[in-house]
Amino acid sequence: MRLLALFAVVGPGLIAGLSDDDPAGITTYSVLGAQFGYQLLWVLLVSTVALILFQALGARIGVVTGQGLTGLIRQKYGAPAATGAMLALLAANIGTTAAEFAGIAAGFQLFGVPKTLSVPLSALLVTTLVLRGGFRGVERVLLVLSAVFICYVGAGILANPDWAAAARGLVVPTMPLTREALIISTATLGTTLAPWGLAFIQSYAVDKRLTTNDLSLLRIDVVTGALLTGVIGFFVVVSCAATLHVHGVSINNAADAAAALEPLAGTLAKGLFAVGLIGAALLAASILPLSTAYAVSDMTGSPAALDDKIKEAPLFYATIAVVTVVGGALVLIPGAPLVTILVGTQVLNAVLLLPLLAFMHGIARDRDLMGQYRASWGAAVGYQVAIAGISVCIVALGVLSLKP
Amino acid sequence: MSEPTVRRRRPGLPRRRGLLLRREVAASLVSVAGLVGAPVRDSDGRDVGRLVDVVVRWDRSAYPQVSGIVVKVGFRRTFVHAADLAQVARREVQVSSTRVDLRDYERREGESLLVKDLLDHQLVDVDGARVVRAADLYLALLGQRYWVVGVDVSFRSFLRRVLPGRARSRATPERVLDFAAIQQFGLPGDPLRLRRAHRTLERLRPAELADLLEDLGRPQRQALLSMLHPDTAADALEEMTAEELELLLREVPDEQAAELLARMEPDEAVEALRDLPEEERETLLAAMPAQRAEELSRLLAYDDEVAGGIMTTSLMVLGLDETVASVRERVLEHRGDQDLVGLVVVDDDGRLVDDLSLLDLLAGDPSEPASALVAPPYPGTVTPEADLAEVVEQLTANRGASLVVVDAEGRPLGRILADDVVDALMATRSGRHWPWQVGP
């Protein structure tokens, strides 16, 4: 096995995978476990499978065509479609950035720092580091911090969960047809299969100039990252189900969610949770504005880079500014309920996923663009089933929301 | 605000006149993006169908001529010849003949479709040496026919296309590129034929070609590489950053990579080979001409932090008895060689006597032997094992643009150029990167 070669390629899938365990993800999975116990574990399974499918597809498209997602959408579907897709991606990313800042706020709140202080300061810190290029050392620290969520594996086991019920929940698809259940299921889909992750992985494969020779290794990397997301998510749900759901505690703020870590960490649970939350949030908050800006410049056709001056690439820097500022501002609204923001933005993600997934499917089947790597008939059916499933979820949610 | 390229203002021309001129020009152009979906009517004003695409034929002239349009009639996509087009206006097309060929349109050799192949695709702007995406294409009536005269790459035109109806079809010639300056790649069904000569591309400087190679998507990048003469391609590759070059070499087929490496200057080729994984390096060395491979292998044996690792082995060596005239002839033969910055004079044992500059050669008397040009100050040299600090010290002491590397007996092995030293001292990065990719 070319292990060394694997390490040269490894990166995007793993990073995207770990970044899926961001505050929004952890909170959504916690709520899933706390409110519904083991019953909705299958939603997580389905989401992870969809994640593997579409991330592998995104990486493959990036490797074969050498272009980013939004640029390709423009090339195949025209300017109006590309603008629509870009707006959807922008909205989803602003929402997710808001979720990250909400996570930072929640994490710091556990240490007693008010959000009016923590949010602007961390926004400033992340932006300066990314733009000035001092990020590399910091990134390692953040990766270590966010790896804290692997503690959930320990916590989940130590909490003595009902494994039989967990297995049942994983395999048997039942769902109470209530609005709350649909919200959290859709949010689970949206946070696992984040739109920004799809555009990011394609973009990364392009930037690293991965070739079709690297495809098999890349696939391994992507699958590993997605599985990591799924596994950590599984244990988050299980530990919340075992500690919180059992006692009927629902999650209203981060402190409640932190309680799920107590079997492992005891009194340290809160601190550990906060640290992981902040680390993961900062990491994701560094990638999101940049990834959105790259997507915008891909679409307009003027490749931009961090080396460019502001005058040379106004749209690039404007996007970074808009995503960061609006995302942060949403959290700073006085009285904004952090957990609701965290879950709500992920529902938005799921909705905005639909056009992007549809476009990806179209591109995957295009013979001119993909040549011999065009998606086979079987794979195409797989994508269509996934897209249909997500649509059903969203429609059901919409219907139930409108019902009095 | 970007400058409208249409403006050709003579000093003193009143602003209002300039504005009117621009409007006139804009009015005479037809936007292809606006034509998509426009109704096609016959001479009686009856609807025939909707315009779906515009077919152009590439010939030797700089601007492609519109050879027809593709009209959607019912479920068919039919072709209407340009001769049957009575008028192509902003939002409708009039055909003069009511006969419609009901066969489905099939692309023929040498034809492209403006909407399918060019609009929103990546193009190379040769004048500006950059990659752009076509936001719109403009047609103009010249003589009796329509020609494609420009490509609009402005963001404003891109946004304009999102608008409905009337607003979408208005020509906004803001950042319009002359179509003659566009090079397009990878036409379906016609992959590598150039519209205009390779000459256009060869006009670009190696650094500009390197930038283009970095910005293009994969199929276009391959196409561009194959369009260039291998020597030009090798020059461009020398200008790429080490990382970009490594990625490019891994992308192209092995024989092509080996050929390009063989044509690059030894010092650059070695630098590139060093970055590749061992397996690939062996494959590429095996695919090269044996002599070249041996030379590069020898250089690869040195670490890249010592003199031997950054030197180039292409030296112009003169004997003491050679006449200045014959040396000049030799130099002229190698006129295109960028690395020819000095001439090494050796004695009968092959040991270094002096390092002459081209200026010394110019000042010499043609009938004199090279030994007459040898004079103090004699330049210092380094051995292949010398580290970078020593190299820099010696280079500065010499006050020259290069430094000769000699072996233990004083025989010249190679030359270190100033730019190689700079490369070795600095690690520069350019292009897109993610936060964790920044740093030396």
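Visitor: In strand 4 of chain B, which residue is the bridge partner of Val54(B)?
Guide: This is a predicted model. Strand 3 (residues 47–57) of chain B pairs with strand 4 of chain B in the antiparallel sense, over seven bridges. Within strand 4 of chain B, the bridge partner of Val54(B) is Ile69(B).

Visitor: How many bridges join strand 4 of chain B to strand 5 of chain B?
Guide: Strand 4 covers residues 65–73 of chain B and strand 5 covers residues 76–81. Val70(B) stands opposite Phe79(B), and Val73(B) stands opposite Arg76(B).

Visitor: Which residue takes a positive phi in the hairpin of strand 4 of chain B and strand 5 of chain B?
Guide: The hairpin has two residues between the strands. On the strand 5 side, Arg76(B) is opposite Val73(B). The positive phi, near 65°, belongs to Gly74(B).

Visitor: In strand 11 of chain B, what is the bridge partner of Val30(B)?
Guide: Strand 1 (residues 30–31) of chain B is joined to strand 11 (residues 136–142) of chain B by two bridges, and these strands run antiparallel. In strand 11 of chain B, Val30(B) has as its bridge partner Leu139(B).

Visitor: Which residue in the turn between strand 11 of chain B and strand 12 of chain B has a positive phi?
Guide: Strand 12 (residues 145–152) of chain B pairs with strand 11 of chain B over seven bridges in the antiparallel sense. One of the pairs is Leu137(B) with Val151(B). The hairpin leaves two residues between the strands, and the one with a positive phi of about 70° is Gly143(B).

Visitor: Are helix 5 of chain A and helix 16 of chain A roughly parallel or roughly antiparallel?
Guide: The axes of helix 5 (residues 69–77) and helix 16 (residues 269–300) of chain A come within 7 Å and cross at roughly 25°. The crossing of helix 5 of chain A past helix 16 of chain A is right-handed. Angles under 35 degrees count as roughly parallel. The two helices of chain A are therefore roughly parallel.

Visitor: How many charged residues are in the contact of helix 5 of chain A with helix 16 of chain A?
Guide: From helix 5 of chain A come Leu69(A), Thr70(A), Gly71(A) and Arg74(A), which meet Ala295(A), Asp298(A) and Met299(A) in helix 16 of chain A. The contact residues include three nonpolar and two polar, and the number of charged is two.

Visitor: Are helix 18 of chain A and helix 20 of chain A roughly parallel or roughly antiparallel?
Guide: The axes of helix 18 (residues 338–364) and helix 20 (residues 377–402) of chain A come within 10 Å and cross at roughly 165°. This crossing is left-handed. An angle over 145 degrees counts as roughly antiparallel. The two helices of chain A are therefore roughly antiparallel.

Visitor: How many nonpolar residues are in the contact of helix 18 of chain A with helix 20 of chain A?
Guide: Helix 18 of chain A contributes residues including Leu353(A), Leu354(A) and Leu357(A), and helix 20 of chain A contributes residues including Ile387(A), Ile390(A) and Ile394(A). The contact has no charged residues and three polar, and the number of nonpolar is twelve.

How values were computed
Residues are numbered from 1 along each chain as its sequence is written. Chains are lettered from A and ligands numbered from 1 in the order in which they are written. This is a predicted model: local features need pLDDT of at least 70, side-chain atom pairs count only at pLDDT 80 or more; totals for chains, interfaces and linings use all residues. Axes are lines fitted to C-alpha atoms, for helices over the stretch in contact, and angles run from 0 to 180 degrees between N-to-C directions. Helices (H or I, at least four residues) and strands (E, at least two) are DSSP runs, numbered from the N terminus. Angles under 35 degrees count as roughly parallel, over 145 as roughly antiparallel, 65 to 115 as roughly perpendicular and the rest as oblique. A crossing is left-handed if the near helix is turned anticlockwise from the far one by less than a right angle, and right-handed if clockwise. Two residues are in contact if their C-beta atoms, placed from the backbone, lie within 7 Å. Ala, Val, Leu, Ile, Met, Phe, Trp, Tyr, Cys and Pro count as nonpolar, Asp, Glu, Lys and Arg as charged, and the others, Gly among them, as polar. Two strands pair if DSSP finds at least two bridges between them.
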